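Colleague: Could you take me through the helix packing of this model, with the cut-offs behind each term?

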Amino acid sequence: MLLGVLMAGKSTVTWPKFAVEEVHRFLAILTGVFIVLHGGSLLLDRVVPISLGEELVPFTSPYRPLAVGLGVCAMELVAAVGVTNALRKRLPHTTWRKLHYLTLPAWLLASVHGVLAGTDAGDPWFAAIAAGTVSAVVIAAFARFSASAARA
């Protein structure tokens, strides 16, 4: 998320643009792989059984319905962005860009999901990582969008 916000804000990065874009693409694919692994492992979980339907329909899980529902919504938004990325050459650039902004609410929902549903949420190391990553993205997004507003 942080790299995407920095790229959108035309931040000065010392790497060549193609390298930054490749790292961004790799991290996006890796995120998708981890989402699939997370969902797949939950289907195999015998402690807190979750069905495929509960993984696809938000807020239907009996286990922490709000937290799991937010995670399902985040996953579906990420999937929508993935589909639009696959169709990027067929979409007008402005349409693709607006749809790509769905990553912001997806990231926010996923972050809240992790804090509310995660079994490590009460541990200091998790709180530190969550606070650090949220702070970094919020600061970068603020800088990016305030710079856009100043140019307009």
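Colleague: Which residues of helix α2 are buried?

Modeller: This is a predicted model, in which local features need pLDDT of at least 70, side-chain atom pairs count only at pLDDT 80 or more, and totals for chains, interfaces and linings use all residues. Residues are numbered from 1 along each chain as its sequence is written, and side-chain values use heavy atoms, with hydrogens and water left out. Helices are DSSP runs of H or I with at least four residues, numbered from the N terminus, and buried means under 20% relative accessible area with a 1.4 Å probe and protein chains only. On those terms, the buried residues of α2 are Ala19, Val20 and Gly39.

Colleague: What distance does α2 reach from its first C-alpha to its last?

Modeller: Helix α2 covers residues 17–44, which is 28 residues.

Colleague: How are α4 and α6 oriented towards each other, roughly parallel or roughly antiparallel?

Modeller: The axes, lines fitted to C-alpha atoms over the stretch in contact, with angles from 0 to 180 degrees between N-to-C directions, come within 8 Å for α4 (residues 65–86) and α6 (residues 103–117) and cross at roughly 150°. Since angles over 145 degrees count as roughly antiparallel, α4 and α6 are roughly antiparallel.

Colleague: How many residues of the contact of α4 with α6 are nonpolar, polar and charged?

Modeller: Contact means heavy atoms within 4.5 Å, and the residues making it include Leu66, Leu70 and Leu77 of α4 and Leu109, Val112 and Leu116 of α6. Ala, Val, Leu, Ile, Met, Phe, Trp, Tyr, Cys and Pro count as nonpolar, Asp, Glu, Lys and Arg as charged, and the others, Gly among them, as polar. The contact of α4 with α6 therefore divides into 16 nonpolar, 3 polar and no charged residues.

Colleague: Which residues of α5 make the contact with α4?

Modeller: Helix α5 (residues 93–100) packs against α4 at an angle of about 160°, with the axes 9 Å apart, which makes the two helices roughly antiparallel. On the α4 side the contact is made by Val81, Thr84 and Asn85, and on the α5 side by Trp96, Leu99 and His100.

Colleague: Which residues does Gly69 touch, not counting those up to four places away in sequence?

Modeller: Gly69 has its place in helix α4 and is buried, with a relative accessible area of 1%. Its C-alpha lies 8.3 Å from that of Glu55, 14 residues apart in sequence. Beyond four places in sequence, the residues that Gly69 touches are Pro58 and Phe59.

Technical notes: Angles under 35 degrees count as roughly parallel, over 145 as roughly antiparallel, 65 to 115 as roughly perpendicular and the rest as oblique. The expected span of a helix is 1.5 Å times one less than its number of residues. Buried means under 20% relative accessible area, exposed over 50%, partly exposed in between (1.4 Å probe, protein chains only).
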